[in-house]
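Load the model in your viewer and keep the selection panel open. The stops below say what to select next and what is there.

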Amino acid sequence: MRNRTIRKLLIFIIVVFAISIDFPILSELKQKIFQRDLSPVLGLDLRGGMQILLQSPEGYQIDQQTLQVASSILEKRSNALGVSEVVFQVAGDQYIVGEFPGLEHIEDVIGVIKQTGLLEFVDVGQDFLEPETIINTDYRSINSSVNTAASDATNSIDNETPPIDESSSKIYHTVITGADLDSVVVTAPQNPSEGYAVAFKLKSEAAAKFADHTRNNIGQLLAIVLDHEIISTPVIRQAIEGGEGTISGSGENAFTFDQANNLRITLFYGTLPVSLEIAESRVVGPTLGQDSLNKSLVAGAIGFLIVSLFMLIYYRVPGIVAIISILIFGLVTYAIYLILPVTLTLPGIAGFLLSVGSALDANILQFERLKEELRKGRNLAQATDLGWNRAWPSIRDSNLATIITSAILFWFGSTFGASIVKGFALTLALGVAVSLFTALFVTRTLLNATIGWFNKADKARWFGI
């Protein structure tokens, strides 16, 4: 009895917690705890947005690992801009698919993700170079072949090389690069006439090298160059010890907050190992997605109603327990989707609905075994325990097989850029895992709590035997 009381208390706590997550209550408290809004995250097919297909330049030979690294960097850059739920996935041998739910105009995002992001601190001596001047350095020549190494990638996502200014066509020496950065943050202007700046801190070895260079070149110019393009050309006034400094524009080229933040993101999240060009882009309208979502919800409600009627008619009292268990299953699963969060797509919703079938199947297996034990003359308590013991191996094996299949599908979707397969596999696996919990914990507890009311009742009438 003590164990059953604890179980019922835990179920009550879980249900209350799931309801508080699923419904718009205690919004401020949830915002403080999770540091974000717990609204459902809808995918591209339901919410609308933009999809782009990036590819490596023609003739450029790259491997899957290089594409995976580039995809990860692009996703981090885009999400750091505040564009949430952005997904980049490798597709095939040379493509990366990017999805931007809720966006139709992503010029600013493309402006950040397109840069290969190579930052160089370049010794230009006494040559003052205007911002936006394109130069060559001894670290990486802009005219070098794209086939020589991944670091020879150009600075444009459409693989167009900007012209090199005649006055700055010679090759300059690179002192350090962005790979030597330890941290990067945006700093506010010191006064209204100045722009924002990007403060950086170098790694220890680079800091010593940078200190030596600035100490020996006081009065000389040190150009800050991003993807061959001059950002600014400050004068070295004194030795820069400790490896800390700032990158800022000047005059008309002073940074706005967005420009400084875009630069921080490009630098902080690393250099793209390969140049990319846009092979295709398309806008997905939200109207069809909303219509599909509404139809999916209606279909799910109708299906649940039909199944509930079947459970009530065929299993009677256990059927009521099954309906309550499935409702708890739905509340808990949806709460997990919101907490993680899981991006819901039409295939993802299909995976969830399929997992509802797994949850029902677990209940049906238990109830069939229960009815068999009752027909053998067992009392309700014995029939419930024996029925569960006989049903559990089948429930365990079938659900584990489904989880393994989901893992394979998720791997397939990740490897080949099939986001619809990943969404289906993820929601199915989570749903099946929760269905195991409800079968093992919720249904069994509720059924044991209920049978005491029917010890002397007509078992044929109340349990359908």
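## An edge-to-face pair

Select Phe257: at 40% relative accessibility it counts as partly exposed (buried means under 20% relative accessible area, exposed over 50%, partly exposed in between, with a 1.4 Å probe and protein chains only). Before going on, note that this is a predicted model, in which local features need pLDDT of at least 70, side-chain atom pairs count only at pLDDT 80 or more, and totals for chains, interfaces and linings use all residues. Residues are numbered from 1 along each chain as its sequence is written, and side-chain values use heavy atoms, with hydrogens and water left out.

A search of the whole structure finds 12 aromatic pairs; rings of Phe, Tyr and Trp (its six-membered ring) pair if their centres lie within 6.5 Å, and planes under 30 degrees apart count as stacked, over 60 as edge-to-face and the rest as tilted. The ring centres of Tyr196 and Phe257 are 5.5 Å apart and the planes stand at 75°, so this pair is edge-to-face. Tyr196 sits in the loop between β8 and β9, while Phe257 belongs to helix α7 (residues 257-268), so the pair ties together parts that are 61 residues apart in sequence. Helices (H or I, at least four residues) and strands (E, at least two) are DSSP runs, numbered from the N terminus.

Next, select Tyr315 and Phe367. Their ring centres are 5.5 Å apart and their planes are at 55°, so the pair is tilted. Tyr315 lies in helix α8 (residues 286-315) and Phe367 in helix α10 (residues 346-375), so parts that are 52 residues apart in sequence are tied together by the pair.

## The three-stranded sheet

Select β8, β9 and β12. These 3 strands form an open sheet in the order β8-β9-β12, with antiparallel pairing; two strands pair if DSSP finds at least two bridges between them. β8 (181-187) and β12 (244-248) stand at the edges, each with a single partner strand, so one side of each is left without a neighbour in the sheet. Direction ignored, neighbouring strands of this sheet are turned by 25° against each other on average (axes are lines fitted to C-alpha atoms, for helices over the stretch in contact, and angles run from 0 to 180 degrees between N-to-C directions).

Zoom in on β9 (residues 197-202), which pairs with β12 in the antiparallel sense over 5 bridges. Ala199 stands opposite Thr246 in β12.

## The five-stranded sheet

Move to the open sheet of 5 strands in the order β6-β7-β5-β10-β11, where the pairing is mixed. At the edges are β6 (136-137) and β11 (229-232), each with a single partner strand, so one side of each has no neighbour in the sheet.

Select β5 (residues 119-125): 6 of its 7 residues are buried, so this strand is largely enclosed by the rest of the structure. β5 runs antiparallel to β10 (residues 221-226), joined by 6 bridges. In β10, Phe121 has Ile224 as its bridge partner, and Gly125 has Leu221. Toward β7 (residues 171-177), β5 is again antiparallel, with 4 bridges; here Asp123 stands opposite His173.

## Strand β2 and its partners

Select β2 (residues 49-55), which is mostly covered, with 6 of its 7 residues buried. It is joined by 7 bridges to β4 (residues 95-101), running antiparallel; the bridge partner of Gln51 in β4 is Glu99. β2 also pairs with β13 (residues 277-284) in the antiparallel sense over 7 bridges, and Gly49 has Val284 as its bridge partner there.

## An exposed helix residue

Select Gln65, in helix α4 (residues 64-80). Gln65 is exposed, with a relative accessible area of 61%. Draw a distance from its C-alpha atom to that of Val90, 25 residues apart along the chain: the separation is 9.7 Å.
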